[in-house]
Amino acid sequence: MSLAFDEYGRPFIIIREQERKSRVKGIEAVKASIMAAKSVARTLRSSLGPKGMDKMLQSPDGDVTITNDGATILEMMDVENQIGKLMVELSKSQDHEIGDGTTGVVVLAGALLEHAESLLDMGMHPLRIAEGYEMACKVATENLDKIKTRFEFSKEDIEPLVKTCMTTLSSKVVGRLKRPMAEICVKAVLAVADLERRDVNLDLIKVEGKVGGKMEDTRLVEGIVIDKEFSHPQMPKELKDVKVAILTCPFEPPKPKTKHKVDIDTVEKFEALRDAEKAYFTDMVQRCKDSGAELVICQWGFDDEANHLLMHQNLPAVRWVGGVEIELLAMATGARIVPRFQELTADKLGHAGSVTEVGFGTTKDKMLVIEGCPNLKAVTIFVRGGNRMVLDEIKRSLHDAICVARNLVRDNAIVYGGGAAEISCGLAVEEAADKVTGVEHYAMRAFADALQAVPLALAENSGLPPIESLTAVKKRQLEESNPYLGIDCNDVGTNDMREQNVFETVMGKKQQLFLATQVCKMILKIDDVIKPSDYE
């Protein structure tokens with residue numbers, strides 16, 4: 001694309017291969033963008049809330065995923081449209097920053113754009129709409145600060161954290177087990193949290209899973225689970241109070257580096273070579289024994305010869321352990337990772353209370369559970385499920401709950417869910433809009449209406465009459481000035497979200513409002529779309 005001037009000095013744009021490109025300008029371009037964003041939001045709308053439906057997605061190589069996690073659905077949907085891709089990025093950034101609320105943020109952005117469309121039809125300029133949205137977003141976030149409550153918790157009193165995690169899990173596949181699952185997530189987060197610095201390192205929480213077994217069999221291992229078994233079937237299956245050596249060097253004789261030829265023409269020479277290798281192996285195993293190690297965990301494999309020797313020397317070993325697990329094991333057991341046998345000394349060994357090989361059902365699958373580590377800074381949530389799809393979905397659900405618990409450790413302010421916060425913010429924005437004299441008044445009103453898309457979708461997905469339910473709750477919020485009233489999705493019989501224990505983090509809510517408003521602003525500012533046309 002280049003700029004040129006005609007004989008009167010007026011600029012015009014020359015687009016290369018003009019005849020091959022299609023071009024949409026002005027309000028038409030804005031409307032086309034809104035249309036694309038709305039269709040993405042509509043797809044996710046039915047997945048919102050505790051009664052939200054799941055989506056089944058098939059990847060190009062035939063893998064099937066069943067989920068109602070907004071970020072996962074959008075990531076796996078093959079969105080061609082550029083504006084659709086913006087919505088995918090929107091849910092990703094919510095996922096990266098907060099970890100929860102990925103469906104809600106897309107539904108909100110879609111609703112904001114839908115209401116912007118009717119304002120465009122009235123002849124309002126897109127930038128004035130965007131400015132009005134910015135003002136409304138500011139009012140809404142200030143209102144969140146007014147209605148928030150703080151949850152005080154400690155390592156002894158984890159109930160507030162558990163309640164908030166239960167809200168997150170109620171819309172997932174693990175809904176019926178939300179209490180035990182929420183407790184597992186909270187205990188995992190508190191095990192690795194630094195409460196003084198209000199910080200949680202999520203890398204220390206590992207979520208492992210094995211197909212087979214019931215969801216109820218999911219448990220928190222205060223240590224590490226690795227998907228390996230002892231290298232020799234006759235090694236003991238359970239070890240107590242062991243000293244652990246972690247090696248990143250292979251149990252193998254050194255390979256000659258140069259290209260050369262060895263002539264072995266007599267049995268004696270062959271025997272000598274074999275003895276030399278055996279001596280090398282024996283020396284390796286002896287070094288491990290001398291250092292006092294009672295369990296060797298190695299990043300590489302061993303030869304059968306080495307395995308046989310380890311067995312005879314009563315030195316249990318595990319081979320082919322991945323780099324991430326090696327680091328976690330080193331952190332938990334207090335061992336130093338040893339790159340060469342010559343450097344293996346007693347002070348570089350770690351300690352584990354118990355190492356157990358666990359078998360599963362009738363399969364040959366085995367895993368090692370390493371518990372009782374001195375530095376309990378690494379924990380594993382061990383998930384069981386009926387099939388791979390359920391297992392993956394449980395892992396995604398637990399990830400959301402872990403992120404919510406992490407956010408509460410960082411900032412323990414919460415608002416009430418079930419659409420209560422959105423309705424309250426909507427009322428605050430409507431009130432503020434009456435004091436605005438410019439055209440932005442209309443945009444702020446539209447923002448307040450768009451906020452109600454979330455409670456409307458919740459009611460719709462729960463099988464309730466959406467407009468009647470929303471109007472009733474909104475009327476009560478106005479009359480009683482009670483920001484805790486939301487949609488009774490589970491038909492408990494009360495709209496008070498405090499009684500239902502439905503909470504969300506203020507951090508997550510604010511992020512939703514900011515991100516949705518930013519994306520709308522960006523989409524409304526696009527007034528010229530130049531793209532290659534379909535024909536060649």
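This is a predicted model: local features need pLDDT of at least 70, side-chain atom pairs count only at pLDDT 80 or more; totals for chains, interfaces and linings use all residues.
Residues are numbered from 1 along each chain as its sequence is written, and side-chain values use heavy atoms, leaving out hydrogens and water.

**View 1. The largest pocket has a volume of about 760 Å³.** Its lining is made of 44 residues, and those closest to the centre are Gly49, Thr167, Thr168, Ser171 and Glu504. Elements that give two or more residues to this lining include helix H4 (102-121), helix H6 (159-169), strand S20 (503-505) and helix H17 (506-524). H6 gives the most, with 5 residues. By class, the lining of the largest pocket holds 13 nonpolar, 22 polar and 9 charged residues. A pocket here is an open set of points on a 1 Å grid over the protein atoms alone, with protein on both sides within 12 Å along at least five of seven lines; lining residues have an atom within 4 Å of a point. Grid points are joined across faces, edges and corners, and a volume is the space filled by probe spheres set on the points. Helices (H or I, at least four residues) and strands (E, at least two) are DSSP runs, numbered from the N terminus. Ala, Val, Leu, Ile, Met, Phe, Trp, Tyr, Cys and Pro count as nonpolar, Asp, Glu, Lys and Arg as charged, and the others, Gly among them, as polar.

**View 2. The largest cavity holds about 70 Å³ of space.** A cavity is a set of grid points where a 1.4 Å probe fits but cannot get out. Searching the whole structure finds 1 cavity of 30 Å³ or more. Among the residues lining the largest cavity are Leu108, Leu144, Glu422, Cys425, Leu451 and Lys509. H12 and H17 are the elements that give two or more residues to this lining, which has 7 nonpolar, 1 polar and 2 charged residues.

**View 3. Helices H12 (residues 420-433) and H13 (residues 440-451) pack at about 165°, with axes 8 Å apart.** Axes are lines fitted to C-alpha atoms, for helices over the stretch in contact, and angles run from 0 to 180 degrees between N-to-C directions. H12 and H13 are therefore roughly antiparallel (angles over 145 degrees). In this contact (heavy atoms within 4.5 Å), the residues of H12 include Cys425 and Val429, and those of H13 include Met444 and Phe447. The contact of H12 with H13 has 8 nonpolar, 2 polar and 4 charged residues.

**View 4. The axes of H4 and H13 come within 9 Å and cross at roughly 140°.**

How values were computed. Angles under 35 degrees count as roughly parallel, over 145 as roughly antiparallel, 65 to 115 as roughly perpendicular and the rest as oblique.
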